[in-house]
Number of protein chains: 2
Amino acid sequence: MKRRVLIIGAVALGPKVACRLRRLDPVAEIILLDQNEYISYGGCGIPYFISGEVSDIKQLMSTSFHVVRSPQFFRDVKEVEVRTRTRAIDINRRKKEVIVIDLSRGVEESLPYDVLVIATGSKPKKLSVPGADLPGVMTLSNLHDAIAIRDRVSKGEVGSAVIIGAGPIGCEMAEALADLWGIETTVIELMPQILPGLLEPAMANIVKKHMEDHGVTVYTSETVTSIEQENGSYRVVTDKRTLKADLIITAVGVEPNGELARKAGLLVTPRGGIVVNKRLQTSDPSIYAGGDCIEIPHLVTGKLVHFPQGSLANRQGRVIGTNIAGGYAVFEGTVGSFAVKVFELGIASVGISLERAKCEGFDPVCAYVVQPDRAHFYPSQQLMYMALIVDRKTRRILGAQGIGKNGDAVVGRINVVASLIASKATIEVLSNMEMAYTPPFASALDIVNAAANVAENILEGLNVTIDPEEFCSIFLGDAVKPEDLCVLDVRSPANARPYVEKFGPRWVNIPQEELIHKLDNIPKSDELILVCNSGARSYEVLRQLQSKLSRKTRNLQGGVALLKTGGMLTLEESDE
Amino acid sequence: MKRRVLIIGAVALGPKVACRLRRLDPVAEIILLDQNEYISYGGCGIPYFISGEVSDIKQLMSTSFHVVRSPQFFRDVKEVEVRTRTRAIDINRRKKEVIVIDLSRGVEESLPYDVLVIATGSKPKKLSVPGADLPGVMTLSNLHDAIAIRDRVSKGEVGSAVIIGAGPIGCEMAEALADLWGIETTVIELMPQILPGLLEPAMANIVKKHMEDHGVTVYTSETVTSIEQENGSYRVVTDKRTLKADLIITAVGVEPNGELARKAGLLVTPRGGIVVNKRLQTSDPSIYAGGDCIEIPHLVTGKLVHFPQGSLANRQGRVIGTNIAGGYAVFEGTVGSFAVKVFELGIASVGISLERAKCEGFDPVCAYVVQPDRAHFYPSQQLMYMALIVDRKTRRILGAQGIGKNGDAVVGRINVVASLIASKATIEVLSNMEMAYTPPFASALDIVNAAANVAENILEGLNVTIDPEEFCSIFLGDAVKPEDLCVLDVRSPANARPYVEKFGPRWVNIPQEELIHKLDNIPKSDELILVCNSGARSYEVLRQLQSKLSRKTRNLQGGVALLKTGGMLTLEESDE
């Protein structure tokens, strides 16, 4: 008798399981259920549909050869049966049946299965403040929401918008609304930085300033206390101000939708994520689960995390398909590879942040590098910013983050680090990592090699550094006296002049090429902070001075470039 | 007493050793020698200087902060002494002395050393045909050549050029001359394909066609027999034709410049590469060597290879600097990471080709994938072409190649595979490799994952494939009869029509979505080749038909896209 494989949920993981299984098993009966009408769409494309870059919603539901992945398509091309507007409301594991309700007709039915796959995805977290459930407050949980928002926006009904939450979706939505539609957009984030957990604060500052440069207002460390409606217009009230808005989008994260599994007595984490083994079986071996409804091991920390990514759902779908067909495939976990585009910036990260690494009991350091993404003489080169987090004791790479205008180049670098993190590599491996080299696409010493070199130099005690945040907090305060702390800026006078003018005797400029002849001009302060544009020349000077001076001397990581691009210290420099 | 470290050669490796060593050792005396006047320049930038993209030769000799790396710069900033126009002519290892000649004054001198570094680089291979040494026949061995060529070109003296050799430099030079200067450019290659050894023939075809589309004439399988001069103009004579040219550039490869080392009795390979251990010491422990003058282990084959890359020279320079300073650093070898830009195409490869893998005793297969570089619904997406070579027995990844208009995206993918090849990973690791995902920069299932999946499917016998070359050789011949061999094209009628018209009953079109209802229309030929645009849909059909048909059925790898883009089969298709 033919086996029946029932799959609950027909976006991302579900269709992938169905298709992979069909290619391996020509006879099994495969049924895909979904409570919505739209299935098998690219949910990650929603911000680009709202921005208008993706003109028609059908594009998100089509194959690369422009055929809509409709139930008909699944039937004819994949030999998979699809039932939309069919909600699974219960699983009877003893009888191996799923109780479903046909939402169009309101009829209940029992569907027997031999193998069941739960692909119920995630659901948006609710903002728990008064007014969060008003009809004008939208989330972005599915295509219906997306169509509703785009509809209002394109009719010109939205002059101002407030986005609550500055995670990836909040930032993408800010671009979508502000860039093409010219909507006055404000983003409010509870945490002190945007993209929390994904970027070091100094890196997040770069993105924040970029958004502000594109006309988005960004408030961090700000709590929404209520949402109010008056005469058809809305107000977002925070602990600091009240903002009027025609459109309010909450994007405060998602959580796994494990309710059906929990009700069926399957093992579920306290956060609601379904627990699976490496073959992606739940605690009932006839039931698999994958995609946004499960939690998976983080390969750096070893802990279970919820990391909802369409890319992981695809890989997991293939694993489940293989396993149901009688093959053997495993999914080991995640290293947290992540990318987002915000206006012109490409942003990517992997692994864990410095702060998280400390919480996990590592002894981490963070190396910052600012370097062109191509050979520095190649015309289209742009600066790329990279942070590399490594463990002092084991020298393991724990995380990496990159930002640059050439997003493909940024993502390419982070993917390389991702592959090394997955294999638990040390920084020596990254130092020697053989990046393909040609001037239009890379420097002879690629930025990932440079970052590993900086990290090695820090661990060896050769590079004694101060991070941009600490620099700002100790130097920019008014109380600092020149005898306590001075900056030695080794850039050219044209670059240094505005800083010297602003900070007076606390910011001294001696260009690197004159330094060995002007050792006596070096400030006599108790502590010296060396500064150049990126932190590379100032490191050389640090090494030079090591044998010549005995006072406490540190090198500013990321140099003036990181401070400026992050809006932490902005003065106009003249180009020589 | 201060140690004296003498470094012969002041481009790439030499300066890197000097700078790294200085940062670790503030007291050693460091002397850099070079027989040329120009030092520490980015030699890989020469094609971009000739094209005019890099406007001033000084840019190739400058730091990223626009300071020329002159002897003065090295003295003041790096505390390293540089002697230009100083040729090392002999090494007296017993006395630890290098005999040098000052080329300006013609004076010989002995320079004692404690540690010696040989960084004599490579030299262009000579074309051994009559006339190869005529004055108008140029190589690209240093900045002097580059300046001479650009000088002639910019004066309008060059109407036509012949480039002998279609390796990376030949291809880059073709672009440099044809694109900006509009010179009628011909490239002649001895081998049956361009970029031999770096790309599979089907992949190389894409680059060749792209060059031809940009007006460059490319002749492969063609041997230059002589170069003749008559009344100031030149003729290149091949086994097939005679070509007039105002400028002739030979780019037939380089070989290690190990002569000085050989004369000093150091171990040198038959090809002239200096032999070093992992710490980059020669057979004399006081003498280190690195960069283009050494041979290094290939980490896939285990054999010594000459792989001259500025990027490797930089990494090796750091290793040598660390070791001289008393540290411990090693250089394990190369995986052959490579990139080149040719007109709008970015091309990258790593590891070994299918052909090389066969020679090395592997049992290799090659998987081809054609896929968008971004989410297929994202507006700026472009097709990327990838080949992945894996060993059937060990499932190890042996090589990968990528081509696309988004060069950063191509290089990023190949770098990821490079990191896996270095760790001897199997395709399963690449299948599950967690590439950062966001629609503007990747598909949910990235092309590298897809390539690994295809390779797995081939090894498992699920995907029975025919490569584009074999397809062309067996199908495009006139002798094939419809009863022997037919193509089943599962694309839309609009795409398939011109092929059906051209090949008649040998090319049958049944769109994938109609196939299960039209099984009887499938040609009854002894062998069936399934075709779609990329090889993905036709693979699905292969799996579908597996249980329904019993005759020999194969899937065309890379589909019509690879055939068309490589100019192997070009017919006009209408867009639906």
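## Strands, loops and the chain interface

The place of A:Leu280 is in the loop between helix 8 (259-263) and strand 18 (287-289) of chain A.

User: Before we go on, what kind of model is this?
Analyst: It is a predicted model.

User: What is phi of A:Leu280 near?
Analyst: Phi of A:Leu280 is near 70 degrees, a positive value in a residue that is not glycine. Most residues other than glycine have a negative phi.

User: Is A:Leu280 buried or exposed?
Analyst: A:Leu280 counts as buried, because it has 26 C-beta neighbours inside 10 Å, and the cut-off for buried is 20 or more.

User: What about phi of A:Phe343?
Analyst: A:Phe343 is not a glycine either, yet its phi is positive, at about 50 degrees. The residue sits in the loop that links strand 21 (338-342) and strand 22 (345-351) of chain A.

User: And how many C-beta neighbours does A:Phe343 have inside 10 Å?
Analyst: The count is 18, so A:Phe343 is classed as partly exposed.

User: Switching to strand 24 of chain A: how many of its residues are buried?
Analyst: Strand 24 (residues 383-391) of chain A is mostly covered, with 9 of its 9 residues buried. A:Leu383, A:Tyr385, A:Ala387, A:Ile389 and A:Asp391 point one way, while A:Met384, A:Met386, A:Leu388 and A:Val390 point the other way.

User: Which strands are joined to strand 24 of chain A by bridges?
Analyst: Strand 23 (residues 364-372) of chain A is joined to strand 24 by 9 bridges, and the two run antiparallel. There, A:Pro364 has A:Asp391 as its bridge partner. Strand 25 (residues 397-404) of chain A also runs antiparallel to strand 24, with 7 bridges; A:Tyr385 is partnered by A:Ile403.

User: Which residue takes a positive phi in the hairpin of strands 24 and 25 of chain A?
Analyst: A:Arg395 does, with phi near 60 degrees; the hairpin has 5 residues between the strands.

User: Over to chain B. What is the order of the strands in its open sheet?
Analyst: The 3 strands of this sheet in chain B follow the order 4-5-6, with antiparallel pairing. Strand 4 (86-92) and strand 6 (107-112) are the edge strands, each pairing on one side only. Neighbouring strands are turned by 25 degrees against each other on average, direction ignored.

User: How many bridges are there between strands 4 and 5 of chain B?
Analyst: These strands pair over 6 bridges. B:Asp90 stands opposite B:Ile99 in strand 5 of chain B.

User: Lastly, how many residues of chain B are in contact with chain A?
Analyst: 79 residues of chain B are in contact with 79 residues of chain A. Helix 11 (residues 407-422) of chain B gives the largest share of the chain B side, 12 residues. That side divides into 40 nonpolar, 26 polar and 13 charged residues.

Methods. Residues are numbered from 1 along each chain as its sequence is written. Chains are lettered from A and ligands numbered from 1 in the order in which they are written. This is a predicted model: local features need pLDDT of at least 70, side-chain atom pairs count only at pLDDT 80 or more; totals for chains, interfaces and linings use all residues. Two strands pair if DSSP finds at least two bridges between them. Helices (H or I, at least four residues) and strands (E, at least two) are DSSP runs, numbered from the N terminus. Axes are lines fitted to C-alpha atoms, for helices over the stretch in contact, and angles run from 0 to 180 degrees between N-to-C directions. A residue is buried if 20 or more other C-beta atoms lie within 10 Å of its own, exposed if 12 or fewer, and partly exposed in between; C-beta atoms are placed from the backbone. Two residues are in contact if their C-beta atoms, placed from the backbone, lie within 7 Å. Ala, Val, Leu, Ile, Met, Phe, Trp, Tyr, Cys and Pro count as nonpolar, Asp, Glu, Lys and Arg as charged, and the others, Gly among them, as polar.
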